[in-house]
There are 2 protein chains.
Amino acid sequence: MVIFVTTILNQMEKIFTKEYRVTHRDTDLNGRLSLASLGSFVLDTAGLHAIELHTSMEILNSMDLTWVVTGIHFDINEMPPIHSLIKVTTKINEISRLACKRDFLVEHEGKKVAEISTEWLIINVKTRRPVFLVDVLPHIKDLVTPGEGAEKYKHLRFAIGKPIDTSNYTIRYADIDINRHLYSMRYIELAMDMVDLETHQNKTIVSADVNYISEVLYNQQVTLIINQEGDTSQIEMHNANQKPMFRAELVWKDK
Amino acid sequence: MVIFVTTILNQMEKIFTKEYRVTHRDTDLNGRLSLASLGSFVLDTAGLHAIELHTSMEILNSMDLTWVVTGIHFDINEMPPIHSLIKVTTKINEISRLACKRDFLVEHEGKKVAEISTEWLIINVKTRRPVFLVDVLPHIKDLVTPGEGAEKYKHLRFAIGKPIDTSNYTIRYADIDINRHLYSMRYIELAMDMVDLETHQNKTIVSADVNYISEVLYNQQVTLIINQEGDTSQIEMHNANQKPMFRAELVWKDK
């Protein structure tokens, strides 16, 4: 099955904007928007835009397909405080045969909060293998707004030899989502949990690159390890067989 | 310091309504609104109403005071699915010398999702002791809308002798909020995590009573224990000295 969309989209519809309010649960101990909530807003905007573009999760699910996010790059200016209204603008910036790059600009009172890029694949839910985008969504090639976009996420290939901290964790009910695997923003929270309190209190995050390598299921036992070199934190989640499931690199600066 | 508000509020302003959209992160493995996200919406509505009523967290903080929630009762009809728009209506239903009871009606497409009652104290942030409400917010007595309200939360006095499951947990960065203690809805998530997957999959929650006994801090080690009798789950969180910090009673029914 293939979705044919005959509607001609104008340039305006290829760029989508949504406003969010930073509520209590979106802030961390500093009273500012957390990286995971920023990520949730961005994913929500992507989902709403995909509905308008006829490329939604629901359409893919009806063909036994689904979008999966493979990596995110966050370039952060300043996280806004509680009660802020933020504006998220998104567009598909680039597609290749397998991957779709979607970018975001996040603003607060006309100032840049963050630029974010995400990369997505469409996988078959049964084979878990990626499919060619235009084979299942032929109109996606008309949805691209090329030109300046956010920086791509880094492919993190580090191997943490001697972690400064290690933590075992078993995936729980509240960690999994409607797809019955670890929610993509919970990976980020579990990575942020590895960073010591002093860094969270005294520093502010400048950039983050995350790589989603494997899905993590309910009741699965994972281990998180962290290394810290200067203002860079490298975090890896691996499964019981030491296979990496997720990597994150966070860069901090003094407040 | 005392806040004097001379504005005369009309009946309309004493009742406050806010709409929310159920997004991906608000749903659980069943694709329906989770108890913790429902709780977050309700707390957000309370916070926004409090700003309008000049009884906000910010006003209290300026006097070294803060609102603390002591208990919640959830009476749940049916949790709405992802993408639903829900309407939360709230009012202060009752005050006593120390406690303020705030009620909520949550609706989806004109049908009742839930009725919820919350109880709040104002404490001095230094002494951690409650204060008389009218001593610090004299106008609060004019903000009450008596009459029919949601059922009050149960004071849970159970002692779980032989738990069917026990789990140790150390409070992490992502669990704490702007007040630097365990976020009230994370207590609920940690309680829900204790319920087995089969119950989450095959049953639906009918009611929940939660009692907040003590605040839980960053890096604190807690133990969660659960007992299950028929369709009732009783969960207790205690600290390293067996002192109870939180209790929850959840009632389920078959889907």
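Helix H4 of chain A (residues 184-193) is mostly covered, with nine of its ten residues buried; buried means under 20% relative accessible area, exposed over 50%, and partly exposed in between, with a 1.4 Å probe and protein chains only. Helices (H or I, at least four residues) and strands (E, at least two) are DSSP runs numbered from the N terminus. The model is a predicted one, in which local features need pLDDT of at least 70 and side-chain atom pairs count only at pLDDT 80 or more, while totals for chains, interfaces and linings use all residues. Residues are numbered from 1 along each chain as its sequence is written, chains are lettered from A and ligands numbered from 1 in the order in which they are written, and side-chain values use heavy atoms, without hydrogens and water.

The buried residues of H4(A) are A:Ser184, A:Met185, A:Arg186, A:Tyr187, A:Ile188, A:Leu190, A:Ala191, A:Met192 and A:Asp193. Two packed helices are described by the angle between their axes and the distance between the axes. Helix H1 of chain A (residues 35-52) packs on H4(A) at an angle of about 165°, with the axes 9 Å apart. Axes are lines fitted to C-alpha atoms, for helices over the stretch in contact, and angles run from 0 to 180 degrees between N-to-C directions. H1(A) is therefore roughly antiparallel to H4(A), a term for angles over 145 degrees. The crossing of H1(A) and H4(A) is right-handed, meaning that the near helix is turned clockwise from the far one by less than a right angle.

On the H1(A) side, A:Leu35, A:Ala36, A:Gly39, A:Ser40 and A:Leu43 meet A:Ser184, A:Met185, A:Ile188, A:Glu189 and A:Met192 of H4(A); contact means heavy atoms within 4.5 Å. By class, this contact has six nonpolar, three polar and one charged residues. Here Ala, Val, Leu, Ile, Met, Phe, Trp, Tyr, Cys and Pro count as nonpolar, Asp, Glu, Lys and Arg as charged, and the others, Gly among them, as polar.

Beyond its neighbours within four places in sequence, A:Ile188 touches A:Leu35, A:Ala36, A:Phe74, A:Val210, A:Tyr212 and A:Phe246. The largest nonpolar core has 142 residues, and A:Leu35, A:Ile188, A:Met237, B:Leu35, B:Ile188 and B:Met237 have the most contacts inside it. Such a core is a set of buried Ala, Val, Leu, Ile, Met, Phe, Trp, Tyr and Cys residues joined through side-chain atoms within 4.5 Å.

In chain B, nine of the ten residues of H4(B) are buried, so this helix is largely enclosed by the rest of the structure. The axes of H1(B) (residues 35-52) and H4(B) (residues 184-193) come within 9 Å and cross at roughly 165°. That makes H1(B) roughly antiparallel to H4(B), and H1(B) passes H4(B) in a right-handed crossing.

Some loop residues remain. A:Thr55 lies in the loop between H1 and helix H2 (57-61) of chain A and is buried, with a relative accessible area of 2%. Leaving aside neighbours within four places in sequence, A:Thr55 contacts A:Ala50, A:Trp67, A:Leu137, A:His139 and A:Leu143. A:Asp64, in the loop between H2 and strand E2 (65-76) of chain A, has a positive phi near 60° although not a glycine, and is partly exposed at 32% relative accessibility. B:Gln242, in the loop between strands E9 (232-238) and E10 (244-254) of chain B, has a positive phi of about 65° and is not a glycine; at 54% relative accessibility, B:Gln242 counts as exposed.

Key: Angles under 35 degrees count as roughly parallel, over 145 as roughly antiparallel, 65 to 115 as roughly perpendicular and the rest as oblique.
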